[in-house]
Amino acid sequence: MTKLRRLALLTFIDASLVAVSIYAAYLLRFDFEIRPQFLQTLPYVIALYVTLTVISFYVFKIYKRIWQYASVGDLISITKAVLLGSIMFFTIHQFVVTYFYSTIIIPRSIYVLSSIISFLTVGGSRFAWRVFRDNYMKIQPHHRRA
């Protein structure tokens, strides 16, 4: 797999996980029955949150690291990236979007819930791959252990 394809795939996986996390945050916030006024603005919220979080992943160079060697350092970088994305999301929404579109309301609990779920899904995907690779992928017979 080329480096560009790998980068595109990893970005797509993370963007999907972050999108699922914001939707899950809404489901948890509203006891699995999202109100129509929030459901109407959900695509905007997902697009903004995913964009800002993926940008923060690039800022913290999350995609320069190799998944098979995921470590505590990677987890700290993921934590910082998710927090930066959430802070940018909160700031842009509170001070820019609400100024122009006062009808788009996001409950405060969504910011916290989506951050936690994003951290768990993105960090969990890295460590799940490492566990899978360490435990279930066999060393090829023609390779020697170092």
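Is Thr103 buried or exposed? I looked this up before anything else. Thr103 is exposed, with a relative accessible area of 64%. I placed Thr103 in the loop between H3 and H4. Thr103 and Gln37 are 66 residues apart in sequence. Their C-alpha atoms are 8.9 Å apart in space. I note here that the model is predicted.

**Entry: overall fold**

I went through the secondary structure next. The protein chain has four helices and zero strands. Along the sequence I read the pattern α-α-α-α. I also looked up burial for the chain. Of its 146 residues, 35% count as buried.

**Entry: H1 against H2**

How do helices H1 and H2 pack, and at what angle? I took a general point as my guide. Two packed helices are described by the angle between their axes and by the distance between those axes. Helix H1 covers residues 3-29, and helix H2 covers residues 36-59. I found an angle of about 140° for the pair. Their axes are 9 Å apart. That angle makes H1 oblique to H2. Roughly antiparallel would need an angle over 145 degrees. The crossing of H1 and H2 is right-handed.

**Entry: positive phi in two loops**

Which residue in the loop between H1 and H2 did I look up? I went to Asp31, which is found in that loop. Asp31 has a positive phi of about 50°, although it is not a glycine. Asp31 counts as exposed because its relative accessible area is 60%, and the cut-off for exposed is over 50%.

I moved on to the loop between H2 and H3, where Lys61 has its place. Lys61 is not a glycine either, and I read a positive phi of about 55° for it. At 53% relative accessibility, Lys61 counts as exposed.

I picked Met88, which lies in helix H3. How accessible is Met88? I found 23% relative accessibility, so Met88 counts as partly exposed. Partly exposed lies between the 20% limit for buried and the 50% limit for exposed. Leu48 is 40 residues from Met88 along the chain. The C-alpha atoms of the two are separated by 9.8 Å.

Phe90 also has its place in helix H3. I read 34% relative accessibility for Phe90, so it counts as partly exposed. What separates the C-alpha atoms of Phe90 and Tyr111? I found 7.0 Å, with the two residues 21 apart along the chain.

**Entry: a nonpolar patch**

Which residues make the nonpolar surface patch of about 670 Å²? I listed Phe95, Val96, Tyr99, Phe100 and Tyr101. I followed up on Tyr101. Tyr101 lies in the loop between helix H3 (72-100) and helix H4 (108-136). Tyr101 is exposed, with a relative accessible area of 53%. A patch residue needs over 30% relative accessible area, and the value for Tyr101 is 53%.

I had read Tyr101 as exposed, and Thr103 as exposed.

Technical notes. Residues are numbered from 1 along each chain as its sequence is written. This is a predicted model: local features need pLDDT of at least 70, side-chain atom pairs count only at pLDDT 80 or more; totals for chains, interfaces and linings use all residues. Side-chain values use heavy atoms; hydrogens and water are left out. Patches are made of residues with over 30% relative accessible area and no salt bridge: like charges are joined within 9 Å, nonpolar side chains (Val, Leu, Ile, Met, Phe, Trp, Tyr) within 5 Å. Accessible areas come from the Shrake-Rupley method with a 1.4 Å probe; for residues, only the protein chains shown count as cover. A salt bridge is a side-chain nitrogen of Lys or Arg within 4 Å of a carboxyl oxygen of Asp or Glu. Buried means under 20% relative accessible area, exposed over 50%, partly exposed in between (1.4 Å probe, protein chains only). Axes are lines fitted to C-alpha atoms, for helices over the stretch in contact, and angles run from 0 to 180 degrees between N-to-C directions. Angles under 35 degrees count as roughly parallel, over 145 as roughly antiparallel, 65 to 115 as roughly perpendicular and the rest as oblique. A crossing is left-handed if the near helix is turned anticlockwise from the far one by less than a right angle, and right-handed if clockwise.
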